[in-house]
Structure formats: C-alpha cells, structure tokens
Amino acid sequence: QVQLVESGGGLVQSGGSLRLSCAASGTIFGIYTMYWYRQVPGKQRELVATITAITRGATTNYADSVKGRFTISRDNAKDTVYLQMNSLKPEDTAVYYCKATNTVRGLTYWGQGTQVTVSS
C-alpha cells in the first residue's frame, strides 16, 4: 500500500517561511516524479512545483507565481520530497497536496493535504 503523508503546514505571517514535507512509503520512491499542488475552496487545484524522478535527472519546474520564492527538493534516502516556501504571501494560502506519478507504470498517488495559511 503506497502512502504519501504531508506535514509542515500551519499559520505564518506574510513574508515568513514554511517547509512542507511529503513522506512516501510502500514503494520505490526514486522512480516517481513528485509534484506539489495547492487548492483553495471553489478553485481548481493548481500545480506549484515539480521534481522529476532520479532516473530523469531530478529536474525542477515551478509555477510563475512561486518562482524565486519556493524550492522543491527530494531526499531519496528518506523517501521524502520537500517544498521550501519563502517570502510567503496571503495569496499562497491553500491546502497543499503532494502527488507521485510514474507514467511508465501508469501509477499516480496523492497525499491527504496540509493547510497553509498566510496572514497579512
């Protein structure tokens, strides 16, 4: 049974920082491309950041809205992906989800989400 468990969310003031973690279990972590998404009520889930599988070079990509402020990384020894969020803004408030995909095997998994609230 594959599980993704996010943690690290919370309440922070505008300009502050948080680091989200997503721990994977039950699978070979390194073969998955990992994503961070976010969602606010009434809106579609938005892709925030991507880091490809180790076999694909662990390449990162970001939404324009977070470039220069957020950093995605992965620790394959700990089967964990991180999202370092700096210079947070109220518009970053959302539930943040991690996702794992392996297109070769046709597999996709989601975590349960963690709330991030940025006060002005």
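Where is Ala-58 found? Hold on to that one for a second while I set things up.

What you see is a predicted model, so local features are kept at pLDDT of at least 70, side-chain atom pairs count only at pLDDT 80 or more, and totals for chains, interfaces and linings use all residues. Residues are numbered from 1 along each chain as its sequence is written, and side-chain values use heavy atoms, with hydrogens and water left out.

Okay, back to Ala-58. Ala-58 is found in the loop between β5 (46–51) and β6. When I say strand, I mean a DSSP run of E with at least two residues, while a helix is a run of H or I with at least four, and both are numbered from the N terminus. Ala-58 has a positive phi of about 50 degrees, although it is not a glycine. As a general rule, most residues other than glycine have a negative phi. Ala-58 counts as partly exposed, at 31% relative accessibility. A quick word on that: buried is under 20% relative accessible area, exposed is over 50%, and partly exposed is in between, using a 1.4 Å probe and protein chains only.

Ser-87 also has a positive phi of about 50 degrees and is not a glycine. You'll find Ser-87 in the loop between β8 and β9, and at 41% relative accessibility it counts as partly exposed.

Now for the charges. How many salt bridges are there? The count comes to four, where a salt bridge means a side-chain nitrogen of Lys or Arg within 4 Å of a carboxyl oxygen of Asp or Glu. Let me walk you through some of them.

Start at Arg-38. The side chain of Arg-38 meets that of Glu-46 in a salt bridge, 2.8 Å from N to O. Arg-38 is buried, with a relative accessible area of 7%, whereas Glu-46 is partly exposed at 30%. Arg-38 also makes a salt bridge with Asp-92, this time at 2.9 Å, N to O. Arg-38 lies in strand β4 and Asp-92 in the loop between β8 (80–85) and β9, so this pair ties together parts that are 54 residues apart in sequence. Both Arg-38 and Asp-92 are buried.

Asp-92 has another partner: it forms a salt bridge with Arg-69, and their closest N and O atoms are 2.8 Å apart. That pair links distant parts of the chain too, with Arg-69 sitting in the loop between β6 (60–62) and β7 (70–75), 23 residues apart from Asp-92. Arg-69 is buried, as is Asp-92.

Glu-6 is buried yet has no salt bridge, and the nearest side chain of opposite charge, Arg-45, is 7.4 Å away. For opposite charges, Lys and Arg count as positive and Asp and Glu as negative, with His and the chain ends not counted. What does the side chain of Glu-6 reach? It reaches the backbone nitrogen of Cys-98 at 2.8 Å, and the backbone nitrogen of Gly-113 at 2.8 Å.

Next up, the largest pocket, which has a volume of about 150 Å³. Here a pocket is an open set of points on a 1 Å grid over the protein atoms alone, where a 1.4 Å probe fits, with protein on both sides within 12 Å along at least five of seven lines; lining residues have an atom within 4 Å of a point. Among the residues lining the largest pocket are Ile-31, Thr-33, Tyr-35, Arg-56 and Thr-101. The elements that give two or more residues to this lining are β4 (33–39) and β9 (94–102). The lining divides into four nonpolar, five polar and one charged.

Stay with Thr-101 in strand β9. Thr-101 counts as buried, at 8% relative accessibility. The side chain of Thr-101 makes a polar contact with the side chain of Tyr-35 at 3.3 Å; a polar contact is a pair of N or O atoms within 3.5 Å, where within protein one must be able to donate a hydrogen and the other to accept it, and residues adjacent in sequence count only if both atoms are side-chain atoms.

Last, two distances. Thr-71, in strand β7, is twelve residues from Leu-83 in sequence and 5.6 Å from it in space, C-alpha to C-alpha. Thr-93 and Thr-27 are 66 residues apart along the chain, and their C-alpha atoms are separated by 30 Å.

Terms used:
Points joined across faces, edges and corners; volume = space filled by probe spheres on them. Nonpolar A, V, L, I, M, F, W, Y, C, P; charged D, E, K, R; others polar.
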